[in-house]
Amino acid sequence: MAKTITQEFTKGLWDEIPPFRLVLGLCPVLAVTKSVENGLGMGVAVVFVLVCSNMLVSLLRNIIPSKVRIACFIVIIATFVIVVELLMQAYAYPLFLKLGIFIPLIVVNCVVLGRAEAFAYKNGPVRSIVDGFGIGIGFTISLTALGALREVFGSGTFFGMSVFGPSFQPFTFMVEAPGAFVCLGLMLSLMNLAGNK
Amino acid sequence: MGDYVLLAISCILVNNILLAQYLGCCPFMGTSKKMETAIGMGMAVIFVLVMAGAITWLIDAYILKPVKLEYLRTIAFIIVIASLVQFVEMFLRKSIPALYKGLGIFLPLITTNCAVMGVCLININEEYTFIQSLVTSFSYATGFGLALVLFAGVRERILLARVPKPLEDTAIGLVTAGMLALAFFAFKGMA
């Protein structure tokens, strides 16, 4: 069943939204969502890498031998990750410092590799770009939502602005590691609840 | 010597790679459903991470830094890790078939385990010496294995419990991981 271009795009926003439906790429999701800003920044970086690598993989799909395809994908992805890393260092240095080690780690983000393997290797460039964009946007939405939730309750701010006023006692649990796991788990269960109806 | 012990303890417990630094969560959720697979994965990670830590440190110090190609670190490291994993797999299949059978399917998965890549990058960022890198690689990997085995034990019990429908499988897994992280959080006081 062939999907239209629009369907390829929208599936990334709900049906296959990472990391909820495709449980992939959890590490950056948990680590960088201490604040909305970080989540959004990470999301944008992933969108860029995903779109570019999907495009290149699908253009080269007839040349890449299937036995060494994973290695080829990784090299392609790593190249774009370096591009993002250098761009961020030049134009968004504070964000670059905050995300730190998680920018180079986009290389091993299963979402990116997963899309290259499951989609771009089998489809044409236009569809692959759309797919990468859709999944990337979905990923950004998840990161931003989780970041917002954790920042609002964990530090009482939203994009650095105070939400509840000075009397608010921050719920520090949310911005620490355990809160990340619990929060994501609860969001996943809410998604399941909404999806099953 | 005391410094190394302290470093090891801080890497295993205080800064546990999984529960405090969030690296390697995908295999954490994926391979923790059964105790056997958890142990297999833990062993494979220890094995590969120590080798990867040593090799990437040497490459960074003797190849990338002298010729000022630090910005190629990401691509160099991932290629090293991928080929190392491939090599280890072939070597084990030929010479130690028993170990290969045990680790078997987990080895290829390690390439995309961000804990491996992450620890290599941490070693470089923190400017550890070669010996220190070896110690941290081993301890982080041990910490990973420890958390994985503990978590697998809890998860096997959850299978027997009645979990609300929307919370099934991954969702309850994540919440449980949160509780486990909370337990490890207590070690922060030691640092």
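Among contacts in chain B between residues at least 6 apart in sequence, what percentage join residues at least 24 apart? The share is 77%. Two residues are in contact if their C-beta atoms, placed from the backbone, lie within 7 Å.

The model is predicted: local features need pLDDT of at least 70, side-chain atom pairs count only at pLDDT 80 or more, and totals for chains, interfaces and linings use all residues. Residues are numbered from 1 along each chain as its sequence is written, while chains are lettered from A and ligands numbered from 1 in the order in which they are written.

Chain B holds nine helices and zero strands. Helices (H or I, at least four residues) and strands (E, at least two) are DSSP runs, numbered from the N terminus. The radius of gyration of chain B, taken over C-alpha atoms, is 17 Å. Of the 191 residues of chain B, 45% count as buried, with 20 or more other C-beta atoms, placed from the backbone, within 10 Å of their own.

The contact between the chains takes 36 residues from chain A and 34 residues from chain B. On the side of chain A that touches chain B, two or more residues come from each of helix 2 (26–32), helix 4 (69–91), helix 6 (110–120) and helix 8 (177–195) of chain A. Helix 8 of chain A gives the most, with twelve residues.

Definitions and conventions:
Rg over C-alpha atoms; globule rule 2.2 N^0.38 Å. Buried ≥ 20, exposed ≤ 12 C-beta atoms within 10 Å, placed from the backbone.
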